[in-house]
Amino acid sequence: MGPLLTSQKKRNENLLNLFIQQVLNGLAVGSAYGMFAMSFGLIFATMGILNVAHGTIATFGAIAALTVVENWGFSFFPALLIAILTGAAIGIVTDRLAFQPLRARANTLGYLITSIGVWIVLIALGETALDHQIKTFPPDLLSWPRLVTTNIYLAPGQIWLMIIGPISVVALYLVLTRTPIGTMIRAVGFSDVWSRISGVSSTVVILSTVGISAGLAGIVGYLSSIAFDNVSVPLGEGLLLKGFAAVVVGGFGDVRGAFLGGIIIGVTEVLGAQYVSGDFRDVITFGLLILFLLFRPEGIFGEIKFGAAR
Amino acid sequence: MSQLDVVSLTRQFGGLTAVKDLSFSVSPGAIAGLVGPNGAGKTTVINMVSGIDKPTSGTISIAGQDTSTIKGHEFVRLGIARTYQNMKMFHGLSVIDHVIVGLDSRRKTTFFHALVPNPIERKERAAMRDKAMEFLKVMSIDHLAESEATTLPYGLQRRLEIARALATEPKLLLLDEPTAGMNQQESSEVAEVLRGLNQKGLTLLVVEHNIKFVRDLCQEVTVINFGEKLLSGTPQEVFNSQLVREAYLGKQRDERLATFQSLRAGTHRNINMGEFAS
Amino acid sequence: MSQFWDIYGITFEFAFVLGLFALSAFLGLWSGVLSLAPIAYASGAAYVSARLAYDKVMMGEANYPLVFHLFVGMVVGGFLAWITSFVLLRLGSHYLALATIALVLIARVIALNLDEYTGGTVGIPVPRQITTWHILLILGVVSVMFGVLRKSRFGYSLDAVREQPEVASSLGINVQRVRRYAFTFAGVLGGLAGVLQAQLVQYLVPETLYVELAFISIASAVLGGAYIWVGPIVGALLYTAIPEFLEPFLGSSKNVVNGILLVIIMVFLQRGLIDPRQFRAWSLKRKSRQTKEVAS
């Protein structure tokens, strides 16, 4: 009886460890999806821009970071800063060239089309920059923190995703709800007229929104390219598609909802692959999506009226 | 039987009560007015009567028929048509096309007639154009049939909007602020047009805050404020009533003008509701 | 000429089919709905048609005639659109757009996982039956349909629903039904185009009819002008032709130029290249000039 019991106990322990490992993996992936969904949802909710180039902006965050790491030996944090700045810069340039000219007659359709144009351009540039290859960061870029026990292993990239993800959602939520600039960002969403009355330059507000959103995309691109060992154009496209899903599940009117949507998508994806079938992993994710469309069509937190739906 | 019967109508938006326990009726063939300052809930009432919005409680009956189970697009069949304060033209459509859209409920063709060229469709199309032209003639804008509607001057757009509503062959036409943004000249032209329609048997309910317009045009008037009824009766009764004059129009005759102006601006808010309830 | 056709024939074939996709996207826009869903229906339709052909060929029998495949594509596309419209058309405009993208993603996952029927990631070969003339004929018939549609009762309803849904409703137009019809018809067109696209590519994988094509079809529709059916067709032709003709001069950077052109056209011509309003203004001007000449 004794040895049998021990082995049974051991097996249970292993199963538990595996479960914990997969939940952690799911949370790391989910953090990436969630952060991306949040940044994508922010400009959609406030300005009605469904930016299909947003995933490629994330890719560029990773490309820029990789460039400075490889060429000038930047370490993790300075490279993170470069990723943020690159994302924000591309976001702002995109806004000035492709979205601002449409703003007087703002409508979601026009923005969608110009963003498709930008997307085509950025993909072409990204593929050229990467020489159509999948690259990786040097392994010595990030060696801490690493979580290693006998049964559980978390890579530094995953851990940073899990740290920065929640920090960014809390920070963004506080910025949006507690600070003057956040109020203004939401006000531009509510009405352009309001911001004109209050005398705040809508340009400043728009640029802040775009900067925050695209900068965040840069962070996601950088961190997930480390965590998944993959700097490539498809990385950003994958984020974009999962971001769509996360935003449908979580709703785009509320950053918390979008983030939570990402976490849900990430965790179900990983656990589904482990316990149901590797082939079926996307089925569970998208089955979830269908359920949300059927029964909770405005996302977890519902659609908070940000922008005018036009 | 009344053309329109509104009984204890209430509409709440979240915590805000836009219309509260409002009852009034419109007799067939009348020109009725619904008067009140901006924000009094007039448009909310007209939205519910035209089926765009549903009441929180209370009933609306049109020619004796209860409308609570009737869908928005089916109100046309009860003989209800309306115009809008901001007119809501179809961007990019010509003048005559607006009226043809209004004729939709009278067309017999279906979606499948729309897919292949066929004589039934072609015949109907020609008939509809002729029909639409008649309505444009009624409103004397037939010479503008092919112009783009949104490029017309304000007064003409108003006429077109009425033509579009008339195309549904209503028995009761609801007009939401038909003189908004118009000068004296244009307002009296609109009044003339409406009187002509009324003489042909159309019942009208005019929502306005232009009191002169209502006084000259309407036979029965209901005054509301803060979503509640203050008074109803003939224009004489209403506008000469001590109650309304004292509380609503101001005690001194000289003050009236000022009050009218504040009514126009929608800033008139000093009515003690308690007095009327008692 | 024949040399030109040898080089560019296939490009034109793709352009015409893209025209059909753009028309299906345009139908959504015409009813005031931004929907990328037709691509999902196209994918479903193409798989059903491809599978039917595959089974026949595997059995050593002759494939069904082309007309049959087109019919199957339209029925499957229309049916899927009709079923899903009950869920999708309940949603608000922003959410609807996202949900239709989600539907395209879902279609791919379904195709991947029904690998018994679809071949999963490996895909399924599609025997080509169509010729350029078939495609042109189909596009011609569809164009005529759109021409009739535009001046029909339904076309007027669509215009009204797109511009002022509330007014349309108070004029007795059942907005929801008009949208459902348009949505379903877009599915029929999508299904048709899906079958054609699969036959052009001659091989069907889950990514053949996917998000990229959805974006490109809506971009073509808006680029050409989403206010009259000619617009999407012109948009699709230009969208395919421009990079092709740029290729000799620009090589691989043609996509960059293509994207920039798309942005520029949208910025300067927000209603697209073909704008019926412009035509009306011209024809009115010409008429008034003629009457003046007659008068003088």
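Mentor: A salt bridge here is a side-chain nitrogen of Lys or Arg within 4 Å of a carboxyl oxygen of Asp or Glu. Between chain B and chain C the count is two salt bridges. In one of them B:D104 pairs with C:R153, and their closest N and O atoms are 3.0 Å apart. This is a predicted model, where local features need pLDDT of at least 70 and side-chain atom pairs count only at pLDDT 80 or more, while totals for chains, interfaces and linings use all residues. Side-chain values use heavy atoms, leaving out hydrogens and water, and residues are numbered from 1 along each chain as its sequence is written.

Now for the wider interface. Chain B brings 36 residues to the contact and chain C brings 29 residues, where contact means heavy atoms within 4.5 Å. Together they bury about 3100 Å², with 61% of it on carbon and sulfur atoms; buried area is the accessible area (1.4 Å probe) that two parts lose on being put together, summed over both.

There are also 11 residue pairs in polar contact across this interface, both residues at pLDDT 80 or more. Such a contact is a pair of N or O atoms within 3.5 Å; within protein, one must be able to donate a hydrogen and the other to accept it, and residues adjacent in sequence count only if both atoms are side-chain atoms.

Technical notes: Chains lettered and ligands numbered in written order.
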